[in-house]
Amino acid sequence: MPQITDIIRPTPLFLLLIFLTGSLTGCKDHGPDEVKSSEPRMAEEKTAVREVENNGWLSNSLFGLNFETPGKLVRQDINLPKGMELHAREVHAYTFSDRAIAVNFSAIEMIGAQYDTKSGLSGAVANLVNHLGGQTERLDFGKVPGLKNAVNCFGTFTYNDSPAEVRGFCHFDPDTRYALILVAVAPGKDKKSSSKVNRIFRSLSYVPEDA
């Protein structure tokens, strides 16, 4: 059985589930409100991770989403699953894992101009928990101040008969047509792990690159 801190490598099934649940137009609506919007700035190369070190942490900028991680993101080579090319143009995926937490970031360029962020995030979390062999116990969703097409979530699940936590964020920009999904998991009741995850989500901000 995979360890909770294994690198979360997005699989075609993972990406297909994100698409199927998120592209269909449509828990409890409350949760963290750390994500903030910012003023537009000059567009930069999307597929290159811009990093700035801050006391061992790195500040990343990808597809307009800015966030910190306690180490370097690893880019994964992912192809569109069969059938998904009818609805998406390309997908980019990045992962980070250490002995405390695991993080997965995915950016999917959709063909359509609509995406159900809550359903997409719910599907991503469910698929990840299932991949780890866990069982979701609770998953609460909240709106993101300043971002109309964004949602975040916090939840708990059982992993190897032990408590664990998951946090997530999803945003869709109808102008760029990118669905951005960030998910992190950590052992429950572990202050060091929770602190790392909290810092990641407190650091989130979105700056439209093409504005």
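Is Glu-68 buried or exposed? Glu-68 is buried, at a relative accessible area of 14%. Here buried means under 20% relative accessible area, exposed means over 50%, and partly exposed lies in between (1.4 Å probe, protein chains only).

## Basis of the report

This is a predicted model: local features need pLDDT of at least 70, side-chain atom pairs count only at pLDDT 80 or more, and totals for chains, interfaces and linings use all residues. Residues are numbered from 1 along each chain as its sequence is written, and side-chain values use heavy atoms, with hydrogens and water left out.

## Salt bridges

The structure has three salt bridges. The term covers a side-chain nitrogen of Lys or Arg within 4 Å of a carboxyl oxygen of Asp or Glu. One of them joins Glu-68 and Arg-199, at 2.8 Å from N to O. Glu-68 sits in strand E4 (residues 65-69) and Arg-199 in helix H3 (residues 191-202), so this pair ties together parts 131 residues apart in sequence. Helices (H or I, at least four residues) and strands (E, at least two) are DSSP runs, numbered from the N terminus. Arg-199 is partly exposed, at 23% relative accessibility.

Helix H3 also holds Lys-196. The side chain of Lys-196 meets that of Asp-98 in a salt bridge of 2.7 Å, N to O. Asp-98 lies in the loop between strand E6 (88-97) and strand E7 (102-110), so the pair links parts that are 98 residues apart in sequence. Lys-196 is buried, with a relative accessible area of 17%. Asp-98 is partly exposed, at 21%.

Arg-138 and Asp-140 form another salt bridge, with their closest N and O atoms 2.4 Å apart. Arg-138 is partly exposed, at 44% relative accessibility. Asp-140 is buried, at 7%.

## Strand E9 and its partners

Strand E9 has ten residues, and seven of them are buried, so E9 is largely enclosed by the rest of the structure. Two strands pair if DSSP finds at least two bridges between them. E8 and E9 run antiparallel and are joined by eight bridges. Thr-136 has Phe-157 in E9 as its bridge partner. The hairpin of E8 and E9 has six residues between the strands, and Gly-146 there takes a positive phi near 90 degrees.

E9 also pairs with strand E10 (residues 162-173), in the antiparallel sense, over ten bridges. Phe-154 stands opposite Arg-167 in E10. Two residues lie between the strands in the hairpin of E9 and E10, where Asn-160 takes a positive phi near 55 degrees.

## The largest pocket

The largest pocket holds about 230 Å³ of space. Twelve residues line this pocket, and the closest to its centre are Thr-117, Lys-143, Lys-148, Ala-150 and Val-151. Helix H2 (117-131), strand E8 (135-143) and strand E9 (150-159) each give two or more residues to the lining. E8 gives the most, with three. By class, the lining has four nonpolar, three polar and five charged residues. Ala, Val, Leu, Ile, Met, Phe, Trp, Tyr, Cys and Pro count as nonpolar, Asp, Glu, Lys and Arg as charged, and the others, Gly among them, as polar.

A pocket is an open set of points on a 1 Å grid over the protein atoms alone, where a 1.4 Å probe fits, with protein on both sides within 12 Å along at least five of seven lines; lining residues have an atom within 4 Å of a point. Grid points are joined across faces, edges and corners, and the volume is the space filled by probe spheres set on the points.
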